Structure formats: structure tokens, C-alpha cells
Amino acid sequence: MSTIQPAKITKVLPQSIAAEIGFEAGDAIVAINGIKPRDLIDYQFLCADEFLELEVLDARGKTHQIEIEKDYDDDLGLEFETALFDNLIQCNNRCPFCFIDQQPPGKRSSLYLKDDDYRLSFLYGSYLTLTNLPEKEWQRIEQMRLSPLYVSVHATEPEVRTRLLKNPRAGQILQQLKWFQERRLQIHAQVVVCPGINDGEHLEKTLRDLTSFHTGEIPAVASVAVVPVGLTRFRPQEDELVPVTREKAKEVISQVKLLCQEFKQKYGSNVAWLADEWFLIAGEELPSEAEYEEYPQLDNGVGSIRLFIKQFTHAANELLPAKIFPEKKLTWVVGNAVETAFKPLVKQLNNVEGLDVKMRALYSDYWGQNISVTGLLTGHDLLYHLKGQDLGDGILLPSVMLKHGELIFLDDMTVEEVSHQLNISIFPVAGVEDLINTCCQ
């Protein structure tokens, strides 16, 4: 049985109800209207009331009872240390392609947490398998209408999915999708393609099965992302996995494109999308912007490059000056997967008089990958590729390489360490406007 901890506050938003009352970081909420919240979902649900009785534990360990009267949906203005105030629902599958098992030992503990928690899926769009849910959690999903959830399907044939997840309960996926359909709840699905295991006819069967749930006013399967398996040099040798080759990528692209034409006619939507990586591995042109519809699978790398280029072009027209002074030389570090796609952007930056941006598109020596997405580059990779080189006045570093909210790479090196060893300033940039402003200010 998991124990519920008081919800520890890390931030009180200025001018909020909580700020007026005098809440401080370090305080913790024990109960709301007599109920101990298990997680952020409970907290938001309980706080929607107009009258709140809070039991609060201050940073010195003293308990306070606080009554609040507010408008029905008014937010209190608090941020918490974690979204879960009880224990994380951990994953009991042993998927051979799990990124957590493909890391070297001895790094920060959060890198090894295998989360299979529907609450993080609902709140942040992280993927879960549905194999670890006790009955009471299914009931809670239904009662609180926690939708959409993000589900790693990989295969709909029971024996193939069981082989991939190494879990006998993995074969129940189609019954579980029917459960969502009957309750008018939704999922976004992902399929990680492992050549020789769930590709070819198995992939076709999976996509046909999943899209058959894309019917009615609230389709149970809202979208499907098809993603290539990512392998690192640290993975267990006996995992029976093979990397996606250029030929395999081309084969999957044409297979899925054909199916999507059929889905588009039948359902009025592609329903399924290929992650950008397929096109980069195959050396093929990315799909046009229109093909991504509403970008339902952006966090899965479906359309993120196309969207970045679109946002860049739009922002460049508004924000890029004709010239800057003093002159600036910068090195923009990206994964070599996006090199070709980003060349026109570098050209646009260099049209600014006085600005000289060199793009360095790197592969990851750390993970042992020939083609790397930007988010997986590490501090080691920057040192490996850039040491002793003229990097100008500083490095433009996409913040997708860093731990959320902290200046730490995936290999536990800090930005400060890398900056010191390369003897150069590093400017983390989050998104297009940040990139352009850092170049031009």
C-alpha cells in the first residue's frame, strides 16, 4: 500500500490567492476538505470547490488549519516538488528497447526510474503500457475522466506484444482499447518498430487494429505515432534487437504512407504518423506541413522539425534585424539528424550583417549512434567533437539536451563543466524566439 506524503510546495505564484494568504515555499498541504490528495490530479479536482479547508504543515513542522473562500475554478497559485504525492507506479515490463536499460550504470537515480504511471501520462503525455494497473486505478480513470492517456502499444497481436513487453498481461491490449471506447475515453498510441519482431505484416495488423478504434464522435484511438527503435552501445547484448537501416526506413515509410492514404479516405484523417527520424534515417524529404494536421504526436518527434522550421521562418521575419553591432560569432550545436533540414535556417541567420553562426551537427559518441537527434546529445559529445576548436563567442545549446529546469546533460555533466573544459560561454536556448534573441542581442 502506498503512503501519501504531504504535497511539498516549491513555488508560490506572485499575486495569487496563496501569496495573499502567506504560503511559502517549503510549506506542504496535508489535506483538502479532509481528503489527502494522492497527486496533482486530486489536488486540482479538490481545489475546484468554492470553500476549502486546508490542513497545512509549515516548513518548521507546525500544523495550520486554513479556510479559503474563492470562485469555483480559481487556482490557488501553488507549484509542487512532484506531481505524485504517493509512490510512482513502476513498470514491471522488460521491453528490450527500453531506454532506461540502455544507459550506463552510476548516473543520477532519476534516469533509472521506470515509470508506467497513468497519472504522469494524463498530466504530461508520458507513455504507459496499461499492464500495471490495479482495478481501483481503472475505476479512477473512469470516474475522473482522465483522458487522453498516452499508450505504448507496439503490437496488437497478443503473442507479439507479450514477446516485446515480456509480460503475460501485455496480450490484453485490444480488450483494454474496447474499455476506453465503451467509456468514450481516448488514447494516443505509439508503436516502436523493432525490425524482425513487430514490423512488416505485424505493423500493418497493428495499424489496422488501432485505426479501427478511430470512429465515432470521440474516437478511442485519437492518433498513432510510428517510431523507429533507438539503440545505444550500452544495451544488453542478448536483446535480439537490430538497428533500423536506411533500407528498412524506406520500406516502413512506403508501407505506412500507403496505409495512411487508405485511412485518410476512410476516416478523414491520417490517424497514424511516422516520426521524423524515419525520413532522416532514410535520407528522404520530410512530409509537408499540411500532412501533420493538428500535430497530435509532436512530443513523439512527429512533425517537430517541420514545426520548428515554420516557427523559425515566422519569427525570423519579425525579429531578425538587418545588422547587429558589435559583431558576433556563434556555434549552434544540433544532432546530425537535422543537419540538412536546418541549413536554410543558418543561412537566414547569417543574412544579418555582423552575425556569423556556424552549425555543428554532431553524432553521439556517448550512445554509440551514427545518426543522433539533438535531445540525446550529451556533455561528453560536446567535448568529444568540439574540444580545441574555434567556437567563436559562444555555443547556442538547445535546451532539449538538458534535464527539465536544470543545467545538466543526460550523462550527468553540467553545462558549467562543459563550458569550463571548452573554455567558452554556453547559451541554453529554449525554442525559436530564444535562439534568435540570443543571436541578436
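Let me start with a proline: Pro148 is found in the loop between H4 and strand E7 (149–152). Helices here (H or I, at least four residues) and strands (E, at least two) are DSSP runs, numbered from the N terminus. The peptide bond from Ser147 to Pro148 is cis, with omega near 0°.

Before going on, the terms of the model. This is a predicted model, in which local features need pLDDT of at least 70, side-chain atom pairs count only at pLDDT 80 or more, and totals for chains, interfaces and linings use all residues. Residues are numbered from 1 along each chain as its sequence is written, and side-chain values use heavy atoms, with hydrogens and water left out.

Pro326 is found in strand E11. One more backbone point: Gln15, a residue other than glycine, has a positive phi, near 60°. Gln15 sits in the loop between E1 and helix H1 (17–21).

Now the sheets. Five strands form an open sheet in the order E4-E3-E2-E1-E5, with antiparallel pairing; two strands pair if DSSP finds at least two bridges between them. Which strands stand at the edges? They are strand E4 (63–69) and strand E5 (78–80), and each has a single partner strand, so one side of each is left without a neighbour in the sheet. From one strand to the next the twist averages 45°. Axes are lines fitted to C-alpha atoms, for helices over the stretch in contact, and angles run from 0 to 180 degrees between N-to-C directions.

In that sheet, strand E1 (residues 7–12) pairs with E5 in the antiparallel sense over three bridges. Val12 stands opposite Leu78 in E5. Helix H2 (residues 40–47) packs on the sheet and touches strand E2 (28–32), strand E3 (51–57) and E5, where contact means heavy atoms within 4.5 Å. The direction of H2 makes about 60° with that of E2.

There is also an open sheet of four strands, ordered E12-E11-E13-E14, with parallel pairing. Strand E12 (353–362) and strand E14 (426–429) are at its edges, each with a single partner strand, so one side of each lacks a neighbour in the sheet. The twist here averages 25° from one strand to the next. Strand E11 (residues 323–335) and strand E13 (residues 394–398) pair in the parallel sense over three bridges, and the bridge partner of Thr331 in E13 is Ile395.

What packs on this sheet? Helix H14 (residues 431–440) does, touching E11, E12, E13 and E14, and its direction makes about 135° with that of E11. Helix H11 (residues 339–349) lies across E11 and E12, running at about 170° to E12.

On to helix pairs. Two packed helices are described by the angle between their axes and the distance between the axes.

H11 also packs with helix H10 (residues 304–319), at an angle of about 10° and with the axes 10 Å apart. H10 and H11 are therefore roughly parallel to each other; angles under 35 degrees count as roughly parallel, over 145 as roughly antiparallel, 65 to 115 as roughly perpendicular and the rest as oblique. H10 passes H11 in a left-handed crossing. A crossing is left-handed if the near helix is turned anticlockwise from the far one by less than a right angle, and right-handed if clockwise. The contact is made by Ile305, Phe308, Ile309, Phe312, Thr313, Ala316 and Asn317 of H10 and Ala341, Phe342, Leu345, Gln348 and Leu349 of H11. By class, the contact of H10 with H11 has nine nonpolar, three polar and no charged residues. Ala, Val, Leu, Ile, Met, Phe, Trp, Tyr, Cys and Pro count as nonpolar, Asp, Glu, Lys and Arg as charged, and the others, Gly among them, as polar.

The axes of helix H4 (residues 135–143) and helix H6 (residues 173–182) come within 11 Å and cross at roughly 30°. H4 and H6 are therefore roughly parallel, and H4 passes H6 in a right-handed crossing. Trp138, Ile141 and Glu142 in H4 meet Gln176, Trp179 and Phe180 in H6. The residues of this contact of H4 with H6 divide into four nonpolar, one polar and one charged.

That is the tour.
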